[in-house]
Amino acid sequence: MSETTRLLIDRWKQDPNGTYQSWFLWPERLKNFRSIRRGIGQVIKEIDEGNFGNVYQGSSLQTVVASIAEQRQIFKGADHAFLWKPKLRIPDIYEDRDNQRAFGRLLHACDCCTKEADVLQAIRTLEAKGIKGLGPAAANLLYFIHPTIVVPFNTAIVKGYNALTGAAVKLGRWDHYLAMRQGLIEFNQRHRDLLSNDLGAVAGLMFDLGMERYPLPPAEGDVKATDAWAKDLAAVREETAAFTKQLDKNRVSDEGHTEVQGWLRDLGLALGFSVWIASNDQSRPYGGGGRLADGCLTVLPPALQSEGADAVRLIDVIWLERESGAVVAAFEVEHTTSIYSGIVRLLDLALSGGAAQRHHLFLVAPDEREADVRQQVLRPAFSQVRELNIRYLPYGELRQHREAIARFGAGIKPVEAIARMF
């Protein structure tokens, strides 16, 4: 096993600006898997029923691909492959109904199967169709169904893989993608103790190499070159100004998200409710040495331990009656992250246990995101959510009134009063 490669992986994992720290370990990342998979299910359903239509804009596919594209830098631009190019008439899944059904069959097969062989067979079946403009970028959808089987795909990942291995993988070809996937799985197995079963980790490493954030290891046995490379690696080149700005924005976003969760936690406790904090956020630092989940529930009540419980545990903040454990209200904080994923989690809560429950559901977002929130909620795919009287709670209203509500309020009505209906 190459010592220089191990050193590269170790340095990458420690780099706060690398994709391992900034995306792979990002708490919001895992929260998006279920919602994206659910969105893929909606695409499958519409294609199967003949309701998908012949345009990308406003479609269920645009909704779910846009959500993927929001998963930080590694997936930026994931929607480009699906945008309709009228002059080239690609990707040819909008005008050709047969091709559209073939695409739906790929998604359905991967959504239903659990074995690697079945996933690969579904990909090869689609490849044999030769659909113009529908290339390996579709693997980004499949990754969110099978993260231990499918490798994410984009230009930077291919570039990084080619640079590290000397391969000549080409964009747009499924056979080249499958060869790269096999090579990355073998690489991942050789360095299993440093990487992960989730192939997003090794893809993130290739992405950063493709973005030229790290110098490539020299040939084995060249001691002088290896020493020089190790020094270069220790002083990883600075990111471009745009990338640095985006990373800083991400950090501010995470801090802002936690702050608003803290507001809702304190308000819920002040109003006499038990409070649940999203399971992957509970250990976040908050309040001068404390944790975000201090004073909150450590286990969800039995009534919420049903189908969809995994998604419910990831809802940002839930208020519950202290004695009965019944849900009073649920809040999804959408600081800059995908509004789509938060809506799906609230829907999972509302539908837990069968028929829709009339909980008080809130999307909490900055004042300037109101248009974004409304646009998402008004999508046809979310008609069921609108029937549940979901509300938009602006940061500004919460910031201005939370202390007064905590001191003089009772129950949920004061919060409803500062929220807005759709």
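A residue is called buried under 20% relative accessible area, exposed over 50%, and partly exposed in between, using a 1.4 Å probe and protein chains only. By that definition cysteine 110 is buried, with a relative accessible area of 0%, whereas cysteine 112 is exposed at 51%.

Before I continue, a word on the source. This is a predicted model, in which local features need pLDDT of at least 70 and side-chain atom pairs count only at pLDDT 80 or more, while totals for chains, interfaces and linings use all residues. Residues are numbered from 1 along each chain as its sequence is written, and side-chain values use heavy atoms, with hydrogens and water left out.

Let me stay with the cysteines. A disulfide is a pair of cysteine sulfur atoms within 2.5 Å, and a search of the whole structure finds 0 of them. For cysteine 110, the nearest cysteine sulfur belongs to cysteine 113, 5.1 Å away. For cysteine 112, the nearest is again that of cysteine 113, at 7.7 Å.

I turn to the interior. A nonpolar core is a set of buried Ala, Val, Leu, Ile, Met, Phe, Trp, Tyr and Cys residues joined through side-chain atoms within 4.5 Å. The largest has 75 residues, and Leu61, Phe82 and Leu141 have the most contacts inside it. A second, separate core of 28 residues includes Trp263 and Phe331.

Finally, which residues does threonine 5 touch, leaving aside those up to four places away in sequence? They are Phe187 and His191, where contact means heavy atoms within 4.5 Å. Threonine 5 itself counts as buried, at 11% relative accessibility.
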